[in-house]
Amino acid sequence: MRRVLIVEDEVLVAALLEGMLRELGCEVAALSGNLSQALEVAATANFDFAVLDINIDGGPSYPVADLLIQRGVPMMFSTGYSTKRLPDRHADAVILHKPFSLEQLQAALARLPVPPRPSVDPRTR
Amino acid sequence: MSTPDSKKLLDTIIEGLGQPFYAIDKDWRIFLYNSEAARHFGKPASEMIGKRILIDVFAADADSERGRIIKDAMAGGKVVKGEALSMVGRHVSYVMFPLGEGLGVLFQDITERRLAEARLAEAEEASRKRAAELEAVLETIPTAVWFTKDPQARQLVANRRAIEMLHMPKGVLPSLSRLPPEQRPYRFYKDGQEVPADQLPLQRAARGEIVTDELLEVRFNSKDYRFLLMRSAPLRGPSGNIQGAVCAAADVTERHHYEEHLKLLVEELNHRVRNTLAIVQSIANQTFKHSDPKAATEFEKRLLNLSGVHTLLTEQHWQGAGLRDLVSAVLKPYLAPSNDRLGRVAFAGENIRLKPRSAVAFSMAIHELATNAAKYGALSTAQGSVDVRWTTDAGRLGLRWQESGGPEVSPPTHHGFGTLMVKRGLAAELHGDVAIDYDRSGVICTIDAPLQVLGESA
């Protein structure tokens with residue numbers, strides 16, 4: 001079961017996302033609604049991927065995204081912006097546009113890079 | 001070698017002068033008078049020789065300026081040179097010299113030369129006036145202007161506004177293309193990308209291009225910046241050859257900021273609308289999901305459809321949306337090739353522009369028709385298909401939704417939200433007629449509406 005970090009400051013939207021992710025067979029590892037807490041969780045918690053709302057309490061969630069990229073954890077942005085330009089370093093990020101259907105969330109999940117599995121040297125097997 | 005007699009020699013000389021000449025004796029009698037003089041005065045020698053000047057002929061001039069000049073010359077006994085009006089009113093330059101006890105008068109008609117000089121002076125004055133006017137205009141207008149008088153645009157001359165705007169100390173701007181990059185006091189950018197010096201409007205105009213309304217950003221080394229709306233055109237010589245170029249730039253920084261601010265506001269507003277739609281989606285989900293999952297799904301689909309048309313309109317800055325783009329977006333779930341359980345959906349028609357309200361009404365109606373088809377109609381079976389096509393004729397839109405190959409149709413026992421949206425909502429919004437025919441072989445919905453109402457701005 002894939003474990004997910006949700007960063008979303010709107011409780012109802014977080015609940016919707018949580019429900020849909022469960023339906024898609026994911027387990028919510030952590031949920032955060034403000035930037036400083038999200039940064040802390042992103043640095044320490046154990047999860048396979050993250051869904052980050054761009055506008056959260058405390059400012060844009062880009063620093064969280066930077067941290068996740070550094071850790072090699074796949075992530076997507078969710079946003080109500082339709083034409084906003086992301087910073088260049090996140091220009092290729094997967095984006096989930098609000099409001100979204102289960103199918104759209106599923107399609108966005110499918111676009112996430114699969115996290116690298118711990119490499120196993122065939123000779124030592 | 002023979003010597004001609006002195007009379008003949010004298011005649012030859014005075015004719016050979018090629019300009020009017022006459023001579024008078026001490027009694028004012030004309031005794032020499034050449035043919036150029038005859039031509040000038042319009043009187044042949046026969047009428048003049050032996051006559052006393054200022055007495056028998058040109059008597060009226062005795063007390064005039066020119067009469068006085070001749071009298072003074074006669075009295076003075078030395079060579080006199082000058083310019084005056086001749087007896088026949090022509091401008092002449094003259095030389096008068098003592099000849100025996102009389103006076104020789106040699107002169108030349110300079111009227112044409114004087115006229116040419118006057119015309120030249122007039123033209124120079126007009127040109128000077130125009131230059132002064134142009135200079136006054138250039139110094140007064142709130143538009144920056146700079147120009148070059150060489151086709152390579154090496155030397156630039158700028159007006160006061162350009163100097164102010166570009167923060168330059170003197171009336172001469174540096175030509176960026178002539179400066180090494182590290183010495184340039186400012187650089188030009190277009191859409192965030194630096195424009196190479198040889199691609200700037202003036203340089204392009206100097207190569208023959210006419211540049212109209214190009215928005216460029218000028219950035220100074222001081223981090224200051226300005227947005228300039230620029231125009232440029234070549235300056236051509238009489239034969240059409242390029243002799244230079246002129247460039248005008250209006251500072252539109254404030255306007256640009258205002259537009260950017262407005263864009264940001266609209267962006268924020270859209271962002272809030274979408275967040276609110278997501279919240280409504282969640283509320284409905286929390287409220288109905290367990291008690292009535294079917295209704296919850298149906299509601300969610302309607303909400304997401306509304307959000308879809310919102311996206312289309314936002315992309316077009318709320319100016320409208322194309323009908324084909326809209327139909328394509330609404331029917332997208334039924335067009336997915338992987339979804340072979342659902343029937344085939346085809347649509348065709350011109351991508352006519354709908355105003356936002358019409359677009360929303362259309363989007364909701366098509367969504368209801370598709371949902372209905374998926375629940376009970378042609379899209380509820382693998383064999384069924386839907387054909388949507390529309391034409392624009394004589395100022396009217398004619399759209400036809402036709403289902404076929406599905407289960408046998410019977411008219412609905414009650415009219416729900418879908419029928420409301422299609423028959424009432426759409427018809428009222430479009431000022432048109434909407435009919436649903438529950439034909440046994442498949443539902444047919446026809447829409448007929450005036451194009452003018454669909455497209456006119458809100």
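Trainee: How many residues of chain B are in contact with chain A?
Mentor: There are 20 residues of chain B in contact with 14 residues of chain A. Please bear in mind that this is a predicted model.

Trainee: Which helices of chain B supply the side that touches chain A?
Mentor: Helix H8 (253–288) and helix H9 (293–315) of chain B each supply at least two residues of that side. The largest share, 14 residues, comes from H8(B).

Trainee: And what is that side of chain B like by class?
Mentor: The side of chain B that touches chain A has 10 polar, 6 nonpolar and 4 charged residues.

Trainee: At what angle do the axes of H1(A) and H8(B) cross?
Mentor: Helix H1 of chain A, residues 11–23, and H8(B) have axes that cross at roughly 60° and come within 8 Å. H1(A) is therefore oblique to H8(B). The crossing of H1(A) past H8(B) is left-handed.

Trainee: Which residues make the contact there?
Mentor: From H1(A), the contact is made by A:Leu12, A:Val13, A:Ala15, A:Leu16 and A:Gly19. H8(B) contributes B:Ala278, B:Ile279, B:Gln281, B:Ser282, B:Ile283, B:Asn285 and B:Gln286.

Trainee: How do the residues of that contact divide?
Mentor: The contact of H1(A) with H8(B) has 7 nonpolar and 5 polar residues, and no charged ones.

Trainee: Changing topic: what does the secondary structure of chain B come to?
Mentor: Chain B has 14 helices and 20 strands. Of its 458 residues, 27% are buried. Among the contacts in chain B with a separation of 6 or more, 51% are between residues 24 or more positions apart.

Trainee: What is the order of the strands in the open sheet of 5 strands in chain B?
Mentor: The order is E2-E1-E5-E4-E3, and the pairing is antiparallel. Strand E2 (30–33) and strand E3 (80–85) of chain B are the edge strands, each pairing on one side only. From one strand to the next, the twist averages 25°.

Trainee: How many bridges join E4 to E5 in chain B?
Mentor: Strand E4 (residues 91–99) and strand E5 (residues 102–109) of chain B run antiparallel and are joined by 8 bridges. One example is B:Val95, whose bridge partner in E5(B) is B:Leu106.

Trainee: Which strands does helix H4 of chain B lie across?
Mentor: Helix H4 of chain B, residues 65–76, lies across E3, E4 and E5 of chain B. H4(B) runs at about 165° to E3(B).

Trainee: Now the backbone. Which peptide bond is cis, the one to A:Pro99 included?
Mentor: The peptide bond from A:Lys98 to A:Pro99 is cis, with omega near -15°. A:Pro99 is placed in the loop between strand E7 (94–97) and helix H4 (102–111) of chain A.

Trainee: What is phi of B:Asp213, then?
Mentor: B:Asp213 has phi near 45°, a positive value in a residue other than glycine. B:Asp213 is found in strand E11 (residues 211–220) of chain B.

Trainee: Is B:Asp213 buried or exposed?
Mentor: B:Asp213 is exposed, because 8 other C-beta atoms lie within 10 Å, and the cut-off for exposed is 12 or fewer.

Trainee: And where is B:Trp318 found?
Mentor: B:Trp318 is in the loop between H9 and strand E14 (321–322) of chain B. Phi of B:Trp318 is positive too, near 60°. B:Trp318 counts as partly exposed, because it has 15 C-beta neighbours inside 10 Å.

Conventions: Residues are numbered from 1 along each chain as its sequence is written. Chains are lettered from A and ligands numbered from 1 in the order in which they are written. This is a predicted model: local features need pLDDT of at least 70, side-chain atom pairs count only at pLDDT 80 or more; totals for chains, interfaces and linings use all residues. Two residues are in contact if their C-beta atoms, placed from the backbone, lie within 7 Å. Helices (H or I, at least four residues) and strands (E, at least two) are DSSP runs, numbered from the N terminus. Ala, Val, Leu, Ile, Met, Phe, Trp, Tyr, Cys and Pro count as nonpolar, Asp, Glu, Lys and Arg as charged, and the others, Gly among them, as polar. Axes are lines fitted to C-alpha atoms, for helices over the stretch in contact, and angles run from 0 to 180 degrees between N-to-C directions. Angles under 35 degrees count as roughly parallel, over 145 as roughly antiparallel, 65 to 115 as roughly perpendicular and the rest as oblique. A crossing is left-handed if the near helix is turned anticlockwise from the far one by less than a right angle, and right-handed if clockwise. A residue is buried if 20 or more other C-beta atoms lie within 10 Å of its own, exposed if 12 or fewer, and partly exposed in between; C-beta atoms are placed from the backbone. Two strands pair if DSSP finds at least two bridges between them.
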